[in-house]
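Subject: Structure handover

Hello,

Here is the structure for your files. My notes on it follow below.

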Amino acid sequence: MRRLSVLAAALVLAGCASVSPDGLRGDVQEQTQSRLPKDAQLPSAKGDAKADEQKRISEWLLKPVDQDTAVRIALLNNPDLQVQLASLAVEDAERAQALTLFNPTLTLGRFSNAHEIEYERELAFGLVNIITLPWRSRWLGWQMERSTLQASQSVLTLAADTRRAWLRAVAAEQALAANETMSDAAQLGAELARRMAAVGNFNRLQQARELSIAQESAAQLARARLNATLEREQLARLMGVWGTQTAFELPKQLPAIPKTANELRAGDDAEATALRERLDLRALRRDLDVTAERSGWSRVGAVFGDIGASYSHNRAKDRESGHVEKTRGWELELPLPIFDWGGSASAKTRAEVQRSAAQLQSAALRARSESRTSWSRYRTAWDLAHQQQAEVLPLAKLVQDETVLRYNGMFDSVWQLLAQARTTTQAVVNATNAQRDFWLAETDLQLALTGTSPGGIAPLASTTSNNNTNNNESGGH
């Protein structure tokens, strides 16, 4: 009964090592749900669900794709994320395999000589594999938790990348529309200059200046058109769409920025939030726990890792008398620690613990710095965007309206009117870029506080216009 009870306990522990039916995607969904748009789902592990997911994506693409919809499509359709989730399922299967008890070995033998025939039957199995099963189950469970957290980081990184790509694509299309307006005004000025030069009312220098402005505006328009195409393609790649699906529409305008500073995120507890919520820090903490827990077993495992037990039931039959002799017994295999006392294995695990602790400390310092940097960038981006929309843009429109009035009163020339139109349009582009930079900074801040490292923090783009078009305008007045 004692033997049966030990065997039953081992079988129960081994039976707990089952493979997750969804490849742990439910755990990843639980870790990331509060950090993703409402109703965002990960792709199902079942093949028959693919058609329903593609149907939902097709329905979403029939309408202008907003930021949250782009993230939902990317989570369901991005092939790189599917690779990460499939790798997580592979690790889960490997964990279950590692916790499955080794099959016992049955040895059968038949030996004969002139006097007798001997039959040997031996059943052998490894003891260490059974004895350490509870500890290995806990360690591998922690490792899978770490792998799940790493997969969750991939999900949040993809969501952030998709948000950035969406913001850049919408801003690029807005800039393209503004550049088309500037190019039309420049081309109109060039055509008017050509006609006035033809009748002798414009000298060659004045005409050349207007032609130079038109050529620069055409080049700027070509760059804006290329940039809009590239940003749109980047968004399409992240969403995993191709073919006719790439003809999706985007909103005409970026989301409005918060009206007042009181609506912004608080930065007082940015460091504490990052240390508490970031998934990469939680994964490194779990890695340190596993390494420290296993360090105590390193020397024992190196010395006594090959303990084995076997049970034999042999039978020998005498050829002449027919007498049968049975032999039963058991054997225990113990390695002798003569050459290896586990010192190297113990030193290795101590070094691994130190490495894990240093990695966690380094990541914590980086998280603190990134939280502060991201919040400062976020706050400054709002100041710049608010200044553009509340002060610079209204002032440019005021100057535009006054120029129109002076033109109607014949106090300003048509060249001054066209130059001011280009300046006002450039102010709209600058305001759009500042608005885009704010939302990009907000995306980086959210990722730095609750997800993982947002990567290199790029400086805010300058919103002042130093292009040749504005530099040449004074010569065409």
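The residues lining the largest cavity comprise five nonpolar, four polar and two charged. In this classification Ala, Val, Leu, Ile, Met, Phe, Trp, Tyr, Cys and Pro are nonpolar, Asp, Glu, Lys and Arg are charged, and the others, Gly among them, are polar.

The model is predicted, and local features need pLDDT of at least 70, side-chain atom pairs count only at pLDDT 80 or more, and totals for chains, interfaces and linings use all residues. Residues are numbered from 1 along each chain as its sequence is written, and side-chain values use heavy atoms, with hydrogens and water left out.

Cavities

The search of the whole structure gives two cavities of 30 Å³ or more. A cavity here is a set of points, on a 1 Å grid over the protein atoms alone, where a 1.4 Å probe fits but cannot get out; lining residues have an atom within 4 Å of a point. Grid points are joined across faces, edges and corners, and a volume is the space filled by probe spheres set on the points. The largest cavity holds about 110 Å³ of space. Its lining consists of R35, L36, L156, A159, A160, R163, T443, Q446, L447, T450 and G451. Two or more of the lining residues come from each of α7 (133–198) and α13 (414–450). Helices (H or I, at least four residues) and strands (E, at least two) are DSSP runs, numbered from the N terminus.

Helix packing

The axes of α7 and α13 lie 10 Å apart, at an angle of about 175 degrees. Axes are lines fitted to C-alpha atoms, for helices over the stretch in contact, and angles run from 0 to 180 degrees between N-to-C directions. This makes α7 roughly antiparallel to α13 (the term covers angles over 145 degrees). Their contact has 20 nonpolar, nine polar and six charged residues.

With helix α8 (residues 204–239), α7 crosses at roughly 160 degrees, and the two axes come within 7 Å. That angle makes α7 roughly antiparallel to α8 as well. The contact of α7 with α8 has 20 nonpolar, ten polar and nine charged residues.

Strands

Strands β1 (residues 105–112) and β2 (residues 116–126) run antiparallel and are joined by eight bridges; two strands pair if DSSP finds at least two bridges between them. A hairpin of three residues connects β1 to β2. T107 stands opposite E122 in β2, and L106 has L123 in β2 as its bridge partner.

Regards

Key: 1 Å grid on protein atoms, 1.4 Å probe; cavity = no way out; pocket = protein on both sides within 12 Å on 5 of 7 lines; lining within 4 Å. Parallel < 35°, antiparallel > 145°, perpendicular 65-115°, else oblique.
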